[in-house]
Every structure is written in C-alpha cells, then in structure tokens.
Amino acid sequence: MTATITLSTGQQMPAVGLGTWKSAQGQVKQAVLAALDCDYRHIDCAAAYSNEREVGEALSEQLGEGKPLRREDIFVTSKLWNTKHHPDDVEDACKKSLSDLRLSYLDLYLMHWPMAFERGDELMPRRPDGTVRYDNNIHYRDTWAAMEKLVDQGLVKAIGLSNFNARQIDDILSIAKHKPVVNQVECHPYLVQTQLVSQCWGRGLAVTAYSPLGSPDRPWVTPGEAHLLDDPRVVGLATCYNKTPAQVIIRWHIQRGVICIPKSITPSRIKQNIEIDGQKVWRDAKHPHFPFSDPY
C-alpha cells in the first residue's frame with residue numbers, strides 16, 4: 001500500500017498517483033484500469049487534458065456498490081482551466097469535470113494556472129498572430145473565492161493551486177476562507193524547487209510534482225536538455241539497487257515528502273512506478289522536516 005501525505009484538512013493523499021497529462025484518448029482508460037489493478041489510489045486529472053470522460057469510464061467500472069472499490073478508496077484530483085476563471089464559470093466547470101469523471105465529488109480541485117484566458121470553450125484562445133488572449137479583468141483572488149463555494153456546496157473536499165509562485169500563494173492565503181492544501185508544480189531532480197517547496201510546507205501546503213521524471217516532451221523543455229532517466233547518476237543508482245531509473249526518482253520524491261504523479265500508459269511501467277521499497281514518508285504538510293538521505 002502506497003504511503004500517504006496528511007493534508008491540512010486531515011485528508012490522506014497517496015504519495016504516488018497516476019498522472020494523465022498527455023495520455024491520449026483511447027489509451028487513458030486502460031492506463032487507469034491498470035493503475036487501479038496495481039493498487040494506485042490516486043488519479044490526477046484536469047479538464048484541459050481533454051480525457052476526463054475516458055478516465056470516468058474507467059472509474060465507473062471499478063467504483064461503487066458491487067464493484068472492487070468504494071468511492072472513498074480513491075483520491076481524485078481535477079483542475080479548473082484558464083478559460084473558466086470568471087467566478088460565474090467556476091461551478092459549471094467543476095460540475096462538467098464531475099460529470100465526465102462520473103463522480104459526485106472531487107477530493108481535490110486545483111486552479112490550474114494563476115492567469116485567466118478569454119472566456120469561452122476554446123482551450124487556447126489565440127489572436128491571429130498566435131498570441132494567447134488573456135483576460136486581465138479577472139484576478140485569481142476572485143476565482144479562488146468562487147472555488148471556495150465548491151467546498152461549501154460539497155462538490156469538492158478541498159481546493160488548491162497549481163503553477164503558483166511564492167508571492168501568489170501568499171496573496172491567496174491573505175484572503176482565503178478555505179486555505180489551499182496543495183500546490184502542484186513541475187519538480188524533478190533537474191528542477192528541485194527547494195525554496196518553493198520549503199515555502200509551501202511552511203504555510204501548510206503539500207507539494208505535488210508533475211513531470212516528476214523530467215518528461216522530455218513537456219512543451220517548455222530546453223532544446224538539447226539531457227534526459228533525466230538517462231542521467232548516469234540515476235542509472236548508476238538504479239543498477240546498484242536493481243531498480244529502474246524511474247523507481248529511483250520516484251523514491252527520491254517520496255523521501256523528500258513530495259507527492260508525485262508519474263504518467264504512463266504502459267501496464268508494466270505503471271506497475272513498476274508504484275513498487276517502491278520502504279514507502280514511509282518522513283513528513284506531512286504540518287511537519288515540514290525530512291531527511292536529505294540517499295534514495296535507498
């Protein structure tokens with residue numbers, strides 16, 4: 001059974017989850033089913049990934065009366081996309097994710113980015129020159145206030161942030177009735193995020209790492225950047241401990257106390273990614289002290 005991180009709400013969030021970013025339609029359902037079969041109990045989703053309906057098909061096959069799992073057995077995260085930041089759009093956006101996922105509530109709902117795009121159903125609204133059409137009249141503080149109502153209505157158990165920096169987190173905390181419980185950011189051994197992670201922990205936020213294996217196909221990768229999974233130091237540790245490079249990196253995240261959501265559609269890799277020895281976590285969101293020891 002995977003280790004968990006205690007959120008400031010008291011919720012137990014599994015430290016390893018299945019990421020679904022860049023999992024194509026036609027593939028993600030089988031990935032989720034394979035993950036649930038391997039004892040994953042945390043699925044990370046987002047409206048912007050355009051695959052929540054297929055994730056929902058998998059969840060509906062496994063969750064519910066007379067099925068292998070109960071709803072409360074699974075921690076499901078989704079995210080509010082940038083075109084839905086207007087306070088009038090937040091509830092409908094959340095309900096759309098719930099409908100696609102075939103759930104009555106989310107365990108965690110994140111504001112995907114701190115900036116608003118022009119309202120509408122176009123995922124990336126652009127001008128003729130290709131630049132994104134932002135809506136500078138919508139502030140993330142107003143979006144947060146609308147997200148807080150989702151907690152009050154029982155549509156979500158907790159709310160959080162994604163891709164927020166330290167100043168923006170403090171800005172939200174200064175007005176929050178329901179405090180953010182998580183900040184999800186890119187994090188891996190090539191982008192350790194030491195200062196931001198420490199700041200989050202000090203303010204009661206857990207940290208989730210996306211692209212935890214240094215995904216070489218993420219849109220902002222630097223041309224010619226080395227592949228983390230091929231790094232000789234990682235490969236050396238993997239060889240020494242008879243692990244895969246991915247397992248070494250995932251263990252590094254867990255040992256730091258950072259939640260991670262590796263993405264895969266390959267059943268054997270999905271299984272390997274959760275088979276991490278010694279899955280005790282040495283800290284939770286309320287006690288930000290942890291050892292800087294080797295992964296194994």
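Predicted model: local features only at pLDDT ≥ 70, side-chain atom pairs only at ≥ 80, totals over all residues.
Residues are numbered from 1 along each chain as its sequence is written. Local features need pLDDT of at least 70 and side-chain atom pairs pLDDT 80 or more, while totals for chains, interfaces and linings use all residues, and side-chain values use heavy atoms, without hydrogens and water.

Eight strands form an open sheet with parallel pairing, in the order E3-E4-E5-E6-E7-E8-E9-E10. Strands (E, at least two residues) and helices (H or I, at least four) are DSSP runs numbered from the N terminus, and two strands pair if DSSP finds at least two bridges between them. Strand E3 (18-19) and strand E10 (259-260) each have a single partner strand, so one side of each lacks a neighbour in the sheet. E3 pairs with E4 (residues 42-44) over 2 bridges, and Gly19 has Asp44 as its bridge partner in E4.

His112 lies in the loop between strand E6 (108-111) and helix H4 (140-152). An unreviewed UniProt entry gives His112 the feature "binding site"; such annotations may be inferred rather than shown by experiment. The residue is buried, at 7% relative accessible area (buried is under 20%, exposed over 50%, partly exposed in between, with a 1.4 Å probe and protein chains only). Beyond neighbours within four places in sequence, the contacts of His112 include Ala46, Tyr49, Trp81 and Asn163 (contact means heavy atoms within 4.5 Å).

Among the buried residues of H4 are Tyr140, Trp144, Met147 and Val151. Their cover includes strand E5 (75-80), helix H3 (87-101) and helix H5 (166-173). Just after H4, Gly154 takes a positive phi of about 80°.
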